[in-house]
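Here are some short notes to read beside the model. Please keep the structure open while going through them.

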Amino acid sequence: MLFQFRHVSKKKPVETQKSSTVREYILHDLLFNINAHVPQLILGPSGSGKTTLLRLCNRLTDPDSGEILFRGQALTAYDVIELRTRIGYVAQVPVMLDGSVLSNFKYAIQKLNKNLPNGEEFEEECKELLRFLNLPEPFLYYETDRLSVGEKQRVALARTLLRKPEVILLDEPTSALDRTSTFRFLETINKLRDEMNLNMIMVTHSIDQAKILGGNGIVLVGGSVVEQGPVAEIMNNPQTEITKQFIEGMLDN
Amino acid sequence: MIIELSYIDLFIGIGLIVIAIGLSIYSRLQLEKDLFVGAVRTFVQLIAVGYVLNIVFSIEAWYAVIAVLLLMFGIAVHTILGRQRYRFKNMIPIITVSLMIGTGLTLFIVVYVIIQVEPWYSPQYVIPIMGMILGNSMNGVALAIDRLSSEIREKREIIETRLSLGATSREAVSDIISSAVRAAMIPTINSLMTVGIVSLPGMMTGQILSGTSPIIAVKYQILVMYMIAASVMISSVLLVQRGYKQYFTAHHQFKE
């Protein structure tokens, strides 16, 4: 078992009209398991808490109550830095560090080994990864501000993959891409899954993508899990009215 | 040797402010109200300080000097807080401790190791020197916190990206920490570069006006420049080292 969520709840402060803040549930009583070697999709309309759920997995944030286990052990029992080495995270909006693509890659790997990797060998490895992600090799020396959003998304993914994580958390990696780029990105994701045998947890609100990617899914609506199981089953035979509405696109604005 | 100013002389001096206010009205700059309030405040504050210092100097007691130092300190902390757009937890104790160590250490070295004043509380030395150290450190610290807080807020996504790539919270904000200290130090470094050429510092001018030889005055001024640099640096480094931690938990994640 990769992850076990045991009655996990998280609140976030919400401003009310009386200019006081109350804490409302963003995630409520989550109870589910995530298996290794099967892609896990987190589905749901915007604002349902998907991103927060993902951020819980690498401890960018912690739950207010409940417990998350990673490979049978409490997430809090791991050293955070080690945990983030084993669990890579690619945010929804790709954030590039200043400098070239290469310097972004170096940052990622430097934090891993605590020293700078051997020049040529490392650059070769980077180029190989760029090829794998359908990016031309010279990109390695580009300044990141020259890249398009789609290219940044790939570079962000590559930056995380270089660290050879066991699990990769992807937050709507195609949200900024057009149809063609999205399709190509999904192909890459599938290739990653098959060739690198990577455990993958991916957030998406797109039904089409979910169908392409398959695997297991949980449907999150308003911070609660309303349905879980194999994606194909959820799509073909939704058990709850709210899942049906989500699949029919009635929950997104 | 010293030509003393009478209140009548000062009254004539008001003419200078009147010229400035007149120009503001003539050019519709709407600065006349601020100029007026500022001029009155300058007059009242300085006259009050003059009399207070006069009393402190005449009673020559350690507790009077300590009381003045504490008052100056309180005002400095209050001023720093007033200039902040953002607040973080423990801001007041962090400012107080950083300033106290930075200015206290510098004051100690200047007054007791270098000048070696007797008695140790000698108000003629302790109060003006602390005033210069504290004033500059206050400005530096105010700039450092403002830079630190605003950049940590603005760069939240970059910081989280670094954290996700295995950086500790200290590593994830290292550029912000240096930028905050640099912001604090730039005015001081600029004055180290240009002092005597572009500007004649107030302390030195004051000494010369009151009849001290320019050679003695510049020696003091050199010491003043160095002590200000040391104090601003120590205070702002201590401040950012403690300050950034208020934004993170021990598990290298942002506090909510």
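1. Start in chain A, where A:Tyr89 stands opposite A:Leu169, a residue of strand β7(A). The model is predicted, and the points below should be read with that in mind.

2. Strand β6 of chain A, residues 87–90, is joined to β7(A) by four bridges, and the two strands run parallel.

3. β7(A) also pairs with strand β8 of chain A, residues 199–204. Five bridges make this link, again with parallel strands. Within β8(A), A:Met202 is the bridge partner of A:Leu170.

4. Is β7(A) enclosed or open? Five of the five residues in this strand, 167–171, are buried, so the rest of the structure largely encloses it. Buried here means that at least 20 other C-beta atoms lie within 10 Å of the residue's own. Both faces are covered: A:Val167, A:Leu169 and A:Asp171 are buried on one side, and A:Ile168 and A:Leu170 are buried on the other.

5. Chain B is built from 10 helices and has zero strands. Of its 256 residues, 29% count as buried. The C-alpha atoms of chain B fill a box of roughly 70 × 55 × 35 Å along the principal axes.

Notes
Residues are numbered from 1 along each chain as its sequence is written. Chains are lettered from A and ligands numbered from 1 in the order in which they are written. This is a predicted model: local features need pLDDT of at least 70, side-chain atom pairs count only at pLDDT 80 or more; totals for chains, interfaces and linings use all residues. A residue is buried if 20 or more other C-beta atoms lie within 10 Å of its own, exposed if 12 or fewer, and partly exposed in between; C-beta atoms are placed from the backbone. Two strands pair if DSSP finds at least two bridges between them.
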